[in-house]
Amino acid sequence: SAFSDLLDLVVQSDKAVVATIRDRLRQKLSTGEITLLGGLFSTFQHLVDTLDRPGYEEAAALFTPGEDVAFDQLKKAFRTLLKVIADEYPVVILWDDLHWADPTTVALLDSLLAKGTVRGGDIGKILFIGTCRDGAATCAPQLEKLLTSTLSLENLSSDAILRVVSDLTLLPADDEMAKTLRDTVHAKTAGHPYFAVAFIEMLKESGLLRRSENSNDLRWTFDDNAQAIRQQTDVSPNIVELLDAKINTRLTSETRDLLAVAAHIGFRFHEELLLAVVDQTAHEVKTILATAQREGCIEAISSEAEEFKFSHDRIHQALYRGDHPRIHLQIAQTIEVRFNTESSLVFAYAEHLNRASVLLNRKEERVQVAKANLEASKVARGKHAIFAAADYLREGLNTMDQRTMWHEIEDGTNYNLALELTASSALINYYCGDFVTCKQQIQDVMENARCEADKLQVFEILVEVKGAEMEFDDAIKTGIKLIRQLGDNFPSKPNFPRLLWFFYKTKGLVGNMTDDELLALPDLDPENRPISVIIRILGTLCMYGIWTHNVPLIAIGSMRMMQLTLKHGQSDLSPYAFCMYGATLIVIPGYREEAFRFARLALRMLERYPSTDSEARTLVIAYTCILHHVEPLQTVSEAFEQACVTGLSTGDIENGLTGAAMQASADLSSGKDCMVVAADLRALCEQVSTEIKHENLLRIVRPFWQMAENLMGMADDPTTLTGDAMNDAAMMVEASDNVLLLQYCRLCRLQLCVYFGNFYDCPTLIDRITKDEFTFTPTFNYYFFKFFSALAYASIARRTGGRKYLKAFRKCRKQLQSFDTKGTVNVPPLMKLLDAENLVLTAKKGSEQSIERAYLDARDAAGKMKFCNIEALCCERYASVLHERGDKEKSRQFNAAACLKYEEFGAEAKVERLSCYKQSQQHLPGQYV
């Protein structure tokens, strides 16, 4: 209803703004997403005006996604909808009673509050508020971790209760009668606002408060009843008992009994389910529910009045009257018999069976409970409610007899159930960072599985858990061993000669297939489980190859995935296979356009397999290695944001965090506010540390977080990555086997050295990075590495006149120029600044105008790309040139302009170091700003 109300407000707002929102929604949302939102909100159809979209109805009719796919698209659609609206209006959304949130609601909220959307500030001017009763049990404890701040609402003070009394009785606040009643109400209800009102209403109904006999006087008074109100009113300090007394006096026993059953169904309940559970007619149930509505005990949720909720959780608590396992069992049995095909009740079925488990002691009954929890976990995982899935699996395993569950084999039911519960739990525990339990469950499967095929379920998890613990070499060896064990001829030691053989074989298989032919490949046979497992392990090995600078493994692994896809058909990992193949092609001369082709094909294939486990890794590779050549960094950053959100929600933690790291790198490279970047990464690290517990994998984001804090002035030494996010020296030791992470640490330090003028540490850093530069050659980080290296060499050459530094500068400039020549869209501002630096290093006297024009062109090019950090560098470096040539006034003006841009960048440490903003901003000539 909150979203419906929001859309109503939008539609009624300024017509020009509505038109802007309509246009942006049409651009951002797919037909499928519009169909989903339109099915939920009739106002949305009016907002986007679907009737005037040619072909819309035909396309919508063809859109029939599965339940999980629809939910994934719904989450994306909600994020897009809120972002578009929040760009035009500030928005406040209130969610009430979060302690009753079910896994589906949790998954939706998690997607809206995930890193990079709300907390990162990218969603716009929006405030989310959630209410939750203190100490309330909830299936969503992780919701607390999503909140940026909490407020505890205390009970009302005595003065506040006086105002409540005055409002409800019309007695003046300074009236002695009002003050007397205030004291009684506050003593009886402890200032709880809901129960203060309920208590006063009860006094009215009992006659202890009554209207004045004067018909013109509407006040409620008690005259000589003051003592009776204080002494004779049997009100317990326990609020539930107060409501219980009210329920007992105002509701018939028949109504109380029916509502007690409804309370066991849940805080929300469907009339149809209630009717199926109780032994009463539909007319009788409707009559009783109507009475309960009139008495204010329940409220209708839907307009058709088929679903209800209790008007307050304390009323629900009062009617619940303790946990009655037999009622829960009756509800579960009714769901099983009458509603067994409705997936919306799968959570309710499992939870009612769990509450009735004390009555279920026979073996077949325990198996039934375990199966219900297994099914609930599957649905929860499909909706990316990982923690709810973990709870259901834990309940399922606890229900089984751990001593015999693998060995009761009359019909194989127990064995198959034990296998699926244990393997699924191992996977979920890996997602949640409980590696000890995960490895123990993997061992259980390996020891008890009856055949190699049954072990397949944990093969991939075994490789990934080793990687999550940073045991990359062991993970790679284990993965290759498992692949060969499954019958694939993958080389035991990938090398460059084998790489060439795999390349030509893959090229031969692709041949002259068109895009349509590649997209029309049949689906992989789901019964061909070994091939699916091989492809998944290969995908993981490619990722570990990137981190460990194992080039043959990366290339051969990606090409083998491609070969298996072409031979056996598409799977949910095919987008990643196509993308990795494109990433291999991008580094081979003459295959640039072919690389773009396969990256775009991979993104198109994601539409066929939306929000699967491959989405995060596909987006990371596509934009880190390939599409950054043709997309501005701001667009690239958005793709990384999506990779982070999807990865963390689906359990692909490595690629989710890699997406976060690459987003931060793209943001800092393109001048996004450092304070936003740092706050975003801090929130992400807190979330992952407390919820998912993948602390080792967080190392990939820490260098960028620390770099942002250094620029903000939050470190003692701005050129050393030591502070709140990480310790530079410790990271060099802890991540010694992760070549890529070490490279990112060095890249961040290099940029900081250039920003803060510590140029003489740069040559050593550059030499060390260059030694392993192939780890990131295809990425956008590579041309920023060459750019900052060139600036460092140019500065040293200007100060020392050393020819080797001038030669090094020209080499870096030439390497960057190759990207510019090929049309890499993010390079022109960088190239123009290096052109200006080259003029300074080579120009003769009298070329001042050419040099100024070159720096201004570079600044303008950076401004066009919205790279405020590069604009700042242009102004600062030209100010340095002017200072060296004796033009102190103009130098001061350009320094001041640099300060303004560094302030926009959030680099307060640079602003403070330049020490010019306050003194000079009022004198800035417009041509320099």
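Visitor: In which loop is Lys-866 found?

Guide: This is a predicted model. Lys-866 has a positive phi of about 65 degrees although it is not a glycine. The residue is found in the loop between helix 43 (848-864) and helix 44 (868-884).

Visitor: Is Lys-866 buried or exposed?

Guide: The cut-off for exposed is over 50% relative accessible area. Lys-866 has a relative accessible area of 65%, so this residue is exposed.

Visitor: Where does His-549 lie?

Guide: His-549 is not a glycine, yet its phi is positive, about 60 degrees. Its relative accessibility is 26%, so His-549 counts as partly exposed. His-549 lies in the loop between helix 28 (529-548) and helix 29 (551-568).

Visitor: How many helices and strands does the protein chain have?

Guide: The chain has 929 residues, of which 56% count as buried. It exposes about 40,100 Å², and carbon and sulfur atoms supply 50% of that area. As for the elements, the protein chain has 47 helices and seven strands.

Visitor: Among contacts between residues at least 6 apart in sequence, what percentage join residues at least 24 apart?

Guide: A contact here means heavy atoms within 4.5 Å. Among contacts in the protein chain between residues at least 6 apart in sequence, the share that joins residues at least 24 apart is 68%.

Visitor: How far apart are Ser-637 and Ala-664 in space, C-alpha to C-alpha?

Guide: Ser-637 is found in helix 33 (residues 633-650). With residues up to four places away in sequence left out, Ser-637 touches Gln-663, Ala-666 and Asp-667. Ser-637 and Ala-664 are 27 residues apart in sequence, and their C-alpha to C-alpha distance is 7.8 Å.

Visitor: Is Ser-637 buried or exposed?

Guide: Buried means under 20% relative accessible area. The relative accessible area of Ser-637 is 7%, so Ser-637 is buried.

Visitor: How many salt bridges does a search of the whole structure find?

Guide: One of the pairs is Glu-176 with Lys-179, whose closest N and O atoms are 4.0 Å apart. Another is Glu-709 with Arg-682, at 2.8 Å from N to O. For the whole structure, the number of salt bridges found is 37.

Visitor: Which residue pairs with Glu-709 in a salt bridge?

Guide: Glu-709 is buried, because its relative accessible area is 3%. The side chains meet at 2.8 Å, N to O, and the partner of Glu-709 is Arg-682. This pair links distant parts of the chain, 27 residues apart, with Glu-709 in helix 36 (residues 702-712) and Arg-682 in helix 35 (residues 674-692).

Visitor: How many residues apart are Asp-835 and Arg-813?

Guide: Arg-813 counts as buried because its relative accessibility is 19%, while Asp-835 is partly exposed at 27%. Asp-835 forms a salt bridge with Arg-813, the closest N and O atoms being 2.9 Å apart. The pair links distant parts of the chain, Asp-835 in helix 42 (residues 828-842) and Arg-813 in helix 41 (residues 803-822), and their separation is 22 residues.

Visitor: Which elements give two or more residues to the nonpolar patch?

Guide: Val-92, Leu-94, Leu-127 and Ile-129 form this patch on the surface, with about 360 Å² of accessible area together. The elements that give two or more residues to the patch are strand 1 (91-95) and strand 2 (126-130).

Visitor: Which residues gather in a patch of negative charge on the surface?

Guide: One member lies in helix 14 (residues 253-265), namely Glu-254. At 44% relative accessibility, Glu-254 counts as partly exposed. The residues that gather in the patch are Glu-254, Asp-257, Asp-279 and Glu-284.

Conventions
Residues are numbered from 1 along each chain as its sequence is written. This is a predicted model: local features need pLDDT of at least 70, side-chain atom pairs count only at pLDDT 80 or more; totals for chains, interfaces and linings use all residues. Side-chain values use heavy atoms; hydrogens and water are left out. Patches are made of residues with over 30% relative accessible area and no salt bridge: like charges are joined within 9 Å, nonpolar side chains (Val, Leu, Ile, Met, Phe, Trp, Tyr) within 5 Å. Accessible areas come from the Shrake-Rupley method with a 1.4 Å probe; for residues, only the protein chains shown count as cover. Lys and Arg count as positive and Asp and Glu as negative; His and the chain ends are not counted. The place of a charge is taken as NZ of Lys, CZ of Arg, CG of Asp or CD of Glu. Helices (H or I, at least four residues) and strands (E, at least two) are DSSP runs, numbered from the N terminus. Buried means under 20% relative accessible area, exposed over 50%, partly exposed in between (1.4 Å probe, protein chains only).
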